[in-house]
Amino acid sequence: MEHKMKLLEDPFMRILNGSKEVEFRLYDEKRRKIRVGDTIEFSKLPDLTEKITVEVVDLYKAKTFRELLSNLGYQGKELEEKVQGMYSIYSKDQEQEYGVLGIKIKLLS
């Protein structure tokens, strides 16, 4: 199955250059449909004309971004910065309602 998502320029470029291998999202209804082996087409914000396609190679589920990032080896200052970065995009209420998902990806195009 192919999924479509939007990404800000920085994470889009980090996927493109190979330095970002896990995309973090809420585990909402749309993300609950994602399975290992699926593809995701990311469109770069704001104009959505530049696109990349990735394959889902693993899925990591957790109740909170802190738990998820800790499980993936983030700690100390780096963990705190990542958690705060996620809260600049998603609210704690959204996190509590849906849980969170880490999508391990491999660039295809």
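## Exercises: an aromatic cluster and a helix on a sheet

In this predicted model, Y87 counts as partly exposed, at 21% relative accessibility.

**Exercise 1.** Work out how the rings of F65 and Y87 are arranged, edge-to-face or stacked.

*Solution.* 
- Step 1: take the distance. The ring centres of F65 and Y87 lie 6.4 Å apart, and the cut-off for a pair is 6.5 Å, so they count as a pair.
- Step 2: take the angle. The planes stand at 75°, and over 60 degrees is edge-to-face, so that's the label here.
- Step 3: F65 belongs to helix α2 (residues 65-71) and Y87 to helix α3 (residues 76-87), 22 residues apart, so the pair ties together distant parts of the chain.

**Exercise 2.** Find the geometry of the F65 and Y90 rings, then say which aromatic cluster they belong to.

*Solution.* 
- Step 1: the planes of F65 and Y90 make an angle of 15° and the centres are 5.8 Å apart, so this pair is stacked.
- Step 2: Y90 sits in the loop between α3 and α4 (92-98), 25 residues from F65, so again distant parts of the chain are linked.
- Step 3: check burial. F65 has a relative accessible area of 0%, and both F65 and Y90 are buried.

**Exercise 3.** Explain why the buried residues of helix α1 sit on the same side of it, and list the strands they pack against.

*Solution.* 
- Step 1: in α1 (residues 9-16), the buried residues are P11, F12 and I15.
- Step 2: they span an arc of only 105° around the axis, which puts them on the same side of α1.
- Step 3: their packing partners are β1 (2-7), β3 (39-44), β4 (51-62) and β5 (100-107).
- Step 4: look past the helix end. Just after α1, G18 has a positive phi of about 90°.

**Exercise 4.** Describe the sheet that α1 packs on.

*Solution.* 
- Step 1: write down the order. It's an open sheet of 5 strands, β1-β3-β4-β5-β2, and the pairing is mixed.
- Step 2: pick out the edges. These are β1 and β2 (22-26), each pairing on one side only.
- Step 3: zoom in on β1 and β3. They run parallel, joined by 6 bridges, and H3 stands opposite I40 in β3.
- Step 4: bring back the helix. The direction of α1 makes about 130° with that of β3.

How values were computed
Residues numbered from 1 in each chain as written. Predicted model: local features only at pLDDT ≥ 70, side-chain atom pairs only at ≥ 80, totals over all residues. Heavy atoms only, no water. Buried < 20%, exposed > 50% of the residue type's maximum accessible area, 1.4 Å probe, protein only. Helix = DSSP H or I, 4+ residues; strand = E, 2+ residues; numbered from the N terminus. Arc of directions from axis to C-beta. Contact = heavy atoms within 4.5 Å. Pairing = 2+ DSSP bridges. Axes fitted to C-alpha atoms, helices over the stretch in contact; angles between N-to-C directions. Phe/Tyr/Trp six-rings, centres within 6.5 Å; stacked < 30°, edge-to-face > 60°.
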